[in-house]
Amino acid sequence: MSRRLLHGIVVAKSGNKTVAVEVTSVQRHPLYDKKITRSKRYLAHDEDNAATVGQKVTIEETRPLSARKRWLVVTKKESV
């Protein structure tokens, strides 16, 4: 089974080798057919401690690394 990949922006450095990544998605309201923007934060493991706030990153689902950390930073792009 393949692991989920999500794309988001680093919004905080949360300790050593940990970043908070905000992932946004656009959904349609089922009744009013209006676009709704939803966002969710994930704690992700950054082994190199190289991700900075504002960077676009791709995170991959992985085994539990701590109580709240279940994601791993895979790729980093230039800052927004």
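These are my notebook entries on what I looked up in this structure.

**Entry 1: ground rules.** I am working with a predicted model, in which local features need pLDDT of at least 70 and side-chain atom pairs count only at pLDDT 80 or more, while totals for chains, interfaces and linings use all residues. Residues are numbered from 1 along each chain as its sequence is written, and side-chain values use heavy atoms, with hydrogens and water left out.

**Entry 2: the overall layout.** I looked up the secondary structure and found zero helices and five strands in the protein, in the order β-β-β-β-β from the N terminus on. For these elements I rely on DSSP runs numbered from the N terminus, with helices being H or I of at least four residues and strands being E of at least two. The C-alpha atoms fill a box of roughly 45 × 30 × 20 Å when it is taken along the principal axes.

I then checked how the chain is covered, and 28% of the 80 residues count as buried. Here buried means under 20% relative accessible area, exposed means over 50%, and partly exposed lies in between, with a 1.4 Å probe and protein chains only.

**Entry 3: the nonpolar core.** I noted that the largest nonpolar core has 12 residues, among them Leu6, Val10, Tyr42, Ala51, Ile59 and Trp71. Such a core is a set of buried Ala, Val, Leu, Ile, Met, Phe, Trp, Tyr and Cys residues joined through side-chain atoms within 4.5 Å. In this core, S1, S2, S3, S4 and S5 each supply at least two residues, and S2 gives the most, with three.

Entry 4: I found 17 positive and 8 negative side chains, with the centres of the two sets 6 Å apart. Lys and Arg count as positive and Asp and Glu as negative, while His and the chain ends are not counted; each charge is placed at NZ of Lys, CZ of Arg, CG of Asp or CD of Glu.

The structure holds three salt bridges, a salt bridge being a side-chain nitrogen of Lys or Arg within 4 Å of a carboxyl oxygen of Asp or Glu.

Glu61 and Arg4 meet in a salt bridge at 3.6 Å, N to O. This pair links distant parts of the chain, since Glu61 is in strand S4 (residues 55-61) and Arg4 is in the segment before strand S1 (5-13), 57 residues apart. Glu61 is partly exposed at 29% relative accessibility, and Arg4 is also partly exposed, at 45%.

Lys17 and Glu47 form a salt bridge at 3.1 Å, N to O. Lys17 sits in the loop between S1 and strand S2 (18-28), and Glu47 in the loop between strand S3 (35-45) and S4, 30 residues apart. Glu47 is partly exposed, with 47% relative accessibility.

Asp46 forms a salt bridge with Lys76, with the closest N and O atoms 3.9 Å apart. Asp46 lies in the loop between S3 and S4 and Lys76 in strand S5 (residues 71-79), so the pair ties together parts that are 30 residues apart in sequence. Asp46 is buried, with a relative accessible area of 2%, whereas Lys76 counts as partly exposed at 32%.

**Entry 5: single residues.** I came back to Lys17, which has a positive phi of about 65° although it is not a glycine, and which is partly exposed with a relative accessible area of 28%. Asp33, in the loop between S2 and S3, likewise has a positive phi, of about 55°, without being a glycine.

Last, I looked up Glu22 in strand S2, a partly exposed residue with a relative accessible area of 28%. Glu22 and Val11 are 11 residues apart in sequence and 6.4 Å apart in space, C-alpha to C-alpha. Neighbours within four places in sequence aside, Glu22 is in contact with Gly8, Ile9, Val11, Ser39, Lys40 and Arg41.

Definitions and conventions: Contact = heavy atoms within 4.5 Å.
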